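Hi,

Here is the structure I promised to pass on. Have a look first, and my notes follow below.

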Amino acid sequence: MRRRQFLQYGGGLAGVAGLSFLSGPLLAQAAPPPIEVSLRIQEADVEMVDGSAVFMWAFSLGTGKPSVPGPVIRLKQGQTVTLTVQNLASTPHSLQIPGMPGVSLGPIAPNGIGSVTFTVGLPGTYFYLDPDRAPLNRLLGLHGAIVVEPAAQPPGSPATPYAAGQATPGVRALFSALGNHARFPGSPWQPGRDRIWVFNQIDPRINKLAEAGDLAGALDLTASFLPRYFTINGLSGVDAAHDEATVPRGRVGQPLLLRALNAGLATHSPHIHGNHVFTTAEIVESSHAVRVLDNIIEEDTWSMPPLMRRDLLLPFAKPPEIPDAAWPPRQEKFPLIYPMHCHNEISQTSAGGSYPLGLVTDWIIEGPL
Amino acid sequence: MSTTIPRPPTDPAEYDAFGCDPNSDVIETPDKVSPNIRLTRKVHGSFDVTMPDGRDVRFWGFVDPNTSGGDRTWPSPLIRVRQGQIVHATLDAAKNTHTIHWHGIEPSTVNDGVGHTSFEVSNQYTYQWQAKTPGTYFYHCHKNTVLHFEMGMYGPLVIDPPSGPGLLFERHPADEDQATDLRYQVEAIWSFDDVDPRWHELNHSAGLCGEDAGLNRFEPKYFLISGVPHPRTERDPRVIVRARKGQNILLRSINATYSNLDIRIGLNSTIVEMDGRPLRTNPQLGTFSKPIPVPAKAVTNLTPAQRTTFMIHNVQPGRYEVTATYKDWITNRPHAAGGLARTWIEVT
Ligand SMILES: [Cu+2]
Ligand SMILES: [Cu+2]
């Protein structure tokens, strides 16, 4: 069976609310070129950190390598996107971007193709995911991150990850201080300097039923979810700590934005060593829209319930409790390496033990200012 | 099956060093400067705590060998230092290996107490750090943390301003808020915890080298505040807060559970500090946060390891209920065995 879907949204829906923040001339001047994104869905055996393999569904970009989570997609606010999804799996699948109204596609039958054209909404961090048989399809691999960047940075003020009308006084104060304040010597935040951290959990009993084609049974089993693997960007433990795309790295004074997303069913409690982070955005629970925060709280541990997305500014400051008289260190050598791990320590296991082969990675300070 | 997504290739030695066989080559503290304060924490192997149903549950902890009589405390004894002090804190690991991570304190890598980025401690190591920001922290073992933390190897840590306890932090001329009273006359330090007795029968290295010790299954049966199991929390003086009319009360709350914790306080309060950072807007200091008012009985959620400090100004006579609901990290519903601890604020 082969079915083709082509959904096109008219101006009303595509003109996402946030665009009204930008003045006409600025928008016209900054309008990024249209872009085509094509994704494929296929079945895969995914190797866990202990060498065992589980059945999952994976996205790939075109004919590229499939991965769980799917590849990171970077878009600009106001950009016209034609998103095409080709389903190579033996089960129907759909696609949605929660928090971006109107972007919905499917179900796409096996061997079918679906497509949607939309205008990119407000800047921030998003999921693309398969909402069908929720939470089964996303839990079993069909999720990935979308980064939406502002169409233009406001002239004369520091860059932020958000649109001019979206950034709060608190966010503007923080980003104005970076590289420009006694507490944050170094550089301002550079657009694009970020790391995406997608969290997930795996209960292989569920994957096994899905592999055997018992999707109803697999969905039922999510009600008694007992995960045995805990991943960040699909990796656990030492694998995540060695992954270039996962590990933030830089010198003191090179602030970086962390974009954390939780695709799973457990509430994670990420804890970072070495620096506190400043939480700048989260989602509105009811609509999944990006909410830029004004009360910019410094945290070393933050909550990530299912489907939560948070942006957190990692200042890459000198770790504050190194005695001033011992900085820069002479006997201890750079790089300084610090972990980030979930503090619901259950997540620090794999297959019931093997601490810390769970949701953990490192971040690296390569040198002083 | 069409496709395989393999793990990235990893050197087996690095794989082992990350978890099963970590570095335990303890070095002399590098870049040592002279301290303002010295303290010691010694690992105490094993002691029992009797739960309300009569069951004795085994715990481990840290003791202060310079204080007598403190060998059965859980949580481990409070550490209290002042802003600006350089701290030399010696861990005496006794037998086996352990570490201390100073949670929320951010020292250099070797002083951070994490095995895979530095070393686990056999015998002794002296950690060095300088207290910088007044607030609420805790310290805990970071070896096989999933188990050692549940076994009780943690204690609260408070950084006071230079003037000491009684003041949350020193007012700064550039603080946007110059009005809020930052002094307190009554203080509680509440460490919330939940205990799955099955875990307390395990060996200290359970699960470490590939064995399935069931450490992904956490079914707590006891719900505690500062080592006191509910319902004893309703009368135990270590938990109950007693104040007099007109006083300010500071409630430092530490989520030492593996649960989503909902706290409800029976009178209006203000969150004034989180994770060791005062909530303040101060352009000169580079802080951008504001205190958060919390109406009586409203829920404040604490994720595991988060600290939230509530200030209650000018309390009026009455008996006010405080509840903590311990919710499963997957279902987000209270644990089957109750998932509740209750205590009281009594104002006369
Ligand atoms: Cu840690
Ligand atoms: Cu910790």
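The largest cavity holds about 140 Å³ of space. A cavity here is a set of points on a 1 Å grid over the protein atoms alone where a 1.4 Å probe fits but cannot get out; a pocket is an open set with protein on both sides within 12 Å along at least five of seven lines, and lining residues have an atom within 4 Å of a point. Grid points are joined across faces, edges and corners, and a volume is the space filled by probe spheres set on the points.

Before going further, some ground rules. This is a predicted model, in which local features need pLDDT of at least 70 and side-chain atom pairs count only at pLDDT 80 or more, while totals for chains, interfaces and linings use all residues. Residues are numbered from 1 along each chain as its sequence is written, chains are lettered from A and ligands numbered from 1 in the order in which they are written, and side-chain values use heavy atoms, with hydrogens and water left out.

What about the largest pocket? About 1,100 Å³ of space lies in it. Its lining has 32 residues, and those nearest the centre are Glu282(A), Ser303(A), Met308(A), Arg310(A) and Asn301(B). By class, the lining has 14 nonpolar, 11 polar and 7 charged residues.

Now for the sheets. In chain B, 4 strands form an open sheet in the order β3-β2-β5-β7, with mixed pairing. β3 (56-63) and β7 (124-130) of chain B are at the edges with a single partner strand each, so one side of each has no neighbour in the sheet. Strands are DSSP runs (E, at least two residues; helices are H or I, at least four), numbered from the N terminus, and two strands pair if DSSP finds at least two bridges between them. Within this sheet, β2 (residues 37-50) and β5 (residues 86-92) of chain B pair in the parallel sense over 6 bridges, and Ile37(B) has Val87(B) as its bridge partner in β5(B).

Another open sheet in chain B has 5 strands in the order β13-β24-β23-β15-β21, again with mixed pairing. Here β15 (residues 260-265) and β23 (residues 318-327) of chain B pair in the antiparallel sense over 6 bridges, with Arg264(B) opposite Thr323(B) in β23(B).

Finally, two residues to look at. Trp102(B) lies in strand β6 (residues 101-103) of chain B. Is Trp102(B) buried or exposed? Trp102(B) is buried, at a relative accessible area of 1% (buried means under 20%, exposed over 50%, partly exposed in between, with a 1.4 Å probe and protein chains only). Leaving out residues up to four places away in sequence, Trp102(B) touches several residues, among them Ile79(B), Asn111(B) and Tyr127(B) (contact means heavy atoms within 4.5 Å). Val85(A), in strand β5 (residues 80-87) of chain A, counts as buried at 1% relative accessibility.

Cheers

Note on methods. Nonpolar A, V, L, I, M, F, W, Y, C, P; charged D, E, K, R; others polar.
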